[in-house]
Amino acid sequence: MNTAFDAVDLIRTKRDGGRLGEAAIDWLIRAYTDGEVTDEQMSAMAMAIFFRGLDGAELTRWTQAMIATGERMDFSGLSRPTVDKHSTGGVGDKITLPLAPLVASCGAAVPQLSGRGLGHTGGTLDKLEAIPGWRASLSNDELLAQLEAVGAVICAAGTGLAPADKKLYALRDVTATVESIPMISASIMSKKIAEGTASLVLDVKTGAGAFMKTYPDSKALAETMVGIGTAAGVNTVALITNMDTPLGRSAGNGLEVAESVEVLAGGGPADVVELTLALAREMLACAGIDADPADALASGRAMDAWRAMISAQGGDPDAPLPVARHTEIVTAGASGYLARMDAMAVGLAAWRLGAGRAKQGDPVQPAAGVTWHAGLGDAVRAGQPLFTLHTDTPERIERAVAALDGAVDIAASAPAPVPVVFERIG
Ligand code: URA
């Protein structure tokens, strides 16, 4: 046991606004991962960091120390350049589904090591598991072979990447210390750097349905993550994108797969198409590939890559998606123009219908969720269907309807259009 440091001293230093040295950070993260520093002590440290922050040097070391607790993947043997995307999470955010095969169809390798959803935003693996036969777990050899052959893999991140983060994130979740820019940045970037991608495009959400509700906080998060990635030799850029309004027209696992397939078929909601193309252009530029992703969508090449990606993981791309046993319509209360749709409220309604889980390991319903029949700025008439709620368990409907109470504003005139992408950092 290394007795050079004492957890209580380090907590006191950070609590009082001091700095943690490199050796102290290395020791703390390793000792916490090994169980030598207790959950109580790390909770206190997380709260001290929540209030006091970490400076640039501390954050770089904290991230490196978390990476050092686990394995690092190596994609250097692939013939294609690797580029990944990470979103900070939003309602109706199904972009990974069309994006990974789209970018792969232009010549890149996209290793999307993903997680399951917790809370109101849903997880990429939960969405794909709505496809009959599809499996999320791949061995490292299967992952590499699929990346070389198809170019896109969306699969479960193994437990070997940054295990310190797994433990610390679970602790932060139950101690009200998640919403800390340095700790979110270190958490996300430790996993992405350990994953071994050469380039990374971050989709940092801002607004009502995002982790970061205010623009300055979202921008600070984007800048911090780009700084960590760049310092680690990963070619990193970020787009700050709108999450006041949910993306597309659906939130829920199978519903979002269906919408993604529409995009790959050349249709789909305009905001989903715009964000998919914006992220694809950034990813291709980072990977040094000169190709127009709009061409790959229009020609059907992206759809071919989707079908290959789903089939390679046991899924049947032609199988019908599950349909909920019960639906309920919520109608517009007034006539006018849709001026606001609260992403958080829609996410909560989908979650209450069974699309998400309350705790790790809970099952999710593949067909549950919410679809909406008007987008921002659309004209609506009083009494017209505004939302359709989908669930296998009708007793959930009442609480989902309650979540949508006050979720929309209908105004006399159309609101000014809001951009999908606000700013590029990097
Ligand atoms: N996602 C992560 O992986 N970590 C965080 O801290 C927040 C979101």
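This is a predicted model: local features need pLDDT of at least 70, side-chain atom pairs count only at pLDDT 80 or more; totals for chains, interfaces and linings use all residues.
Local features need pLDDT of at least 70 and side-chain atom pairs pLDDT 80 or more, while totals for chains, interfaces and linings use all residues. Residues are numbered from 1 along each chain as its sequence is written, and side-chain values use heavy atoms, with hydrogens and water left out.

Me: How far is the polar side-chain atom of Lys-191 from an oxygen atom of the ligand?
Reply: A polar contact is a pair of N or O atoms within 3.5 Å. Arg-172 has a side-chain N or O atom 2.9 Å from a ligand oxygen, and a polar side-chain atom of Ser-187 lies 2.6 Å from a ligand nitrogen. For Lys-191 and a ligand oxygen, the distance is 2.5 Å.

Me: What percentage of the ligand's exposed area does the protein bury?
Reply: Accessible areas come from the Shrake-Rupley method with a 1.4 Å probe. Taken alone, the ligand exposes 240 Å². The share of this that the protein buries is 90%.

Me: Which elements do the buried residues of α2 pack against?
Reply: Buried means under 20% relative accessible area, with a 1.4 Å probe and protein chains only. In α2 the buried residues include Trp-27, Leu-28 and Tyr-32. Counting contact as heavy atoms within 4.5 Å, the elements are α1, α3, α4 and α8.

Notes:
A polar contact is a pair of N or O atoms within 3.5 Å; within protein, one must be able to donate a hydrogen and the other to accept it, and residues adjacent in sequence count only if both atoms are side-chain atoms. Buried means under 20% relative accessible area, exposed over 50%, partly exposed in between (1.4 Å probe, protein chains only). Helices (H or I, at least four residues) and strands (E, at least two) are DSSP runs, numbered from the N terminus.
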